[in-house]
Amino acid sequence: MNPGRERSACGIGFVADAAGRARRDVVEAALEALRRLRHRGAVDADARTGDGAGVLIPLPRRFVAREAQRLGVGGCDPERLGLAMAFDRAPEGHLDEVVAGACAAEGISVLAWREVPVRPVALGSTARERMPRIRQAFLLAPEGLGPGPREQRAHRARRRAERELRHRGLPCSFPSFGFRTVTYKALAAADQLGAFYPDLADPLFEAPFTLFHQRYSTNTAPTWERAQPFRMLGHNGEINTIAGNVRRMRAREGRLGLSEPELEELFRPVVDEAGSDSQILDEVLELLCREGGEDGLGRDVRLAVAMLVPAAWEGDPRISEEVRDLLRFHRSLMEPWDGPAALVFTDGLRVGAALDRNGLRPLRIAVCEDGTVVCASEAGAVDLRGRGGVRRSKLGPGQMLVVDPRAGGVQLDPLARVARRRPYGAWLERHRRVL
């Protein structure tokens, strides 16, 4: 192969509806984009086991309600239902006990467990040999709890479960665990994912957006757990500052500013240092979005991403003074996680994409007249014929794109909205000491 035509990097992206309408064709378009990005990944010696692929979507409420009915736990408020997706490698019953105890500590009920339908024949022999038991726990949030507190309770319940699993030496993991989103991923090639999970072909499996990821394994060996997306993001690139970033997060353990000493202990260790750089980045993003912040319920995902992968704002005259103050203020709280890095991310309500300040990983954008928004690591990932006029662009270094149906749809300068919420300039004037 001509070295100049090699494309050794992950394939990432999302498909979204700007108005937030749950659509079946959004899921189908994302799966097709994933198939078209198969060349971004490699295969094992069996010539079929891929580096890993997956999709992250908002909970398909009608699908979840129907499956709850089949399990005999229907009739609940659909907004209070959640899913914990589990890769179960424990002896029979152990994971059930751990998850039930962790959820009870946060007031969450475990209604039932579902064996996720799979077709192992779609995978390579290596992937089948290493395949965990894939299960879903149906969760019920406490009555009267708002969306933010629900996600925070789920985050803490998962951390409790992970701590107990480590204590028992049980190698189980949770691709997703919450009331907003669910992640379907596998040690698969991009074009095998839809065949492996029949759920993804169900007519009720519909969503306002879908993140997708085809992994290209570089600095860590492929495993089921390292397939992406993770719980909040998909990542293309490498965090070149990962050793320093991890040490600084370790230094913060026990001093995260949480409300109770018991919670500080719950987040020790802050990150799983055995994980990939992408997994560690996801864990820190989740911590910023679920804990702390001014109301104790975490930060806006746009702000959290900007804290982790900030633009090179110091000498850029195109950045407004409000955004500059925001970035200057948060520089004192979090060091940059430098790439090359391209990210697609979500808090379950908004979906977005960002490049780090180096800008060395491409992200192409297409905004269609029918409301479809596509972002992908290369052009042509989604067939846009029949969707009306199309506006095409790409992200540059340090830039971010967000689709927020509750606030006008496509945001090409999302940090400007976040910066106007707080008087960061006045806070800097009052508290900053220049040495």
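Let's start at Ser377, which sits in the loop between strand E13 (372-376) and strand E14 (390-394). Helices (H or I, at least four residues) and strands (E, at least two) are DSSP runs, numbered from the N terminus. The model is predicted: local features need pLDDT of at least 70, side-chain atom pairs count only at pLDDT 80 or more, and totals for chains, interfaces and linings use all residues. Residues are numbered from 1 along each chain as its sequence is written, and side-chain values use heavy atoms, with hydrogens and water left out.

- Ser377 is buried, with a relative accessible area of 1%; buried means under 20% relative accessible area, exposed over 50%, and partly exposed in between (1.4 Å probe, protein chains only).
- Setting aside neighbours within four places in sequence, Ser377 is in contact (heavy atoms within 4.5 Å) with Cys10, Gly11, Ile12, Leu37, Arg40, Pro362 and Leu363.
- Thr49 belongs to the loop between helix H1 (24-36) and strand E2 (53-58), and with 4% relative accessibility Thr49 is buried too.
- A polar atom of the Thr49 side chain lies 3.4 Å from the backbone nitrogen of Thr126.
- Leaving out neighbours within four places in sequence, the contacts of Thr49 include Ala42, Val43, Asp44, Gly124, Ser125 and Leu187.

**A sheet of four strands**

- Strands of a sheet pair through backbone hydrogen bonds, either parallel or antiparallel.
- Here an open sheet of four strands has the order E4-E5-E3-E6, with antiparallel pairing; two strands pair if DSSP finds at least two bridges between them.
- Strand E4 (109-115) and E6 are the edge strands, each pairing on one side only.
- On average, neighbouring strands of this sheet are turned by 20° against each other, direction ignored.
- Helix H2 (residues 61-70) packs on the sheet and touches E3, E4 and E5, and its direction makes about 75° with that of E3. Axes are lines fitted to C-alpha atoms, for helices over the stretch in contact, and angles run from 0 to 180 degrees between N-to-C directions.

**A closer look at strand E3**

- Eight of the eight residues of E3 (residues 81-88) are buried, so this strand is largely enclosed by the rest of the structure.
- In a regular strand the side chains alternate between the two faces of the sheet.
- In E3, Leu81, Leu83, Met85 and Phe87 point one way, while Gly82, Ala84, Ala86 and Asp88 point the other way.
- E3 pairs with strand E5 (residues 133-140) in the antiparallel sense over eight bridges. In E5, Gly82 has Leu139 as its bridge partner, and Met85 has Gln136.
- E3 is also joined to strand E6 (residues 173-178) by four bridges, running antiparallel, and there Ala84 stands opposite Phe177.

**Nonpolar cores**

- A nonpolar core is a set of buried Ala, Val, Leu, Ile, Met, Phe, Trp, Tyr and Cys residues joined through side-chain atoms within 4.5 Å.
- The largest core has 51 residues, of which Tyr184, Tyr197, Phe212 and Trp224 touch the most other members. H1 gives this core its largest share, seven residues.
- Another core, of 45 residues, lies apart from it, with Cys289, Val309, Ile319 and Met400 among its members.

**How confident is the model?**

- The protein chain has a mean pLDDT of 93, and 98% of its residues reach 70 or more; pLDDT is the predictor's confidence in each residue, from 0 to 100.
- Over residues 1-7 the pLDDT is below 50, and this stretch has two contacts in the model beyond near neighbours in sequence.

Definitions and conventions. Polar contact = N/O pair within 3.5 Å; in protein donor to acceptor, adjacent residues only side chain to side chain.
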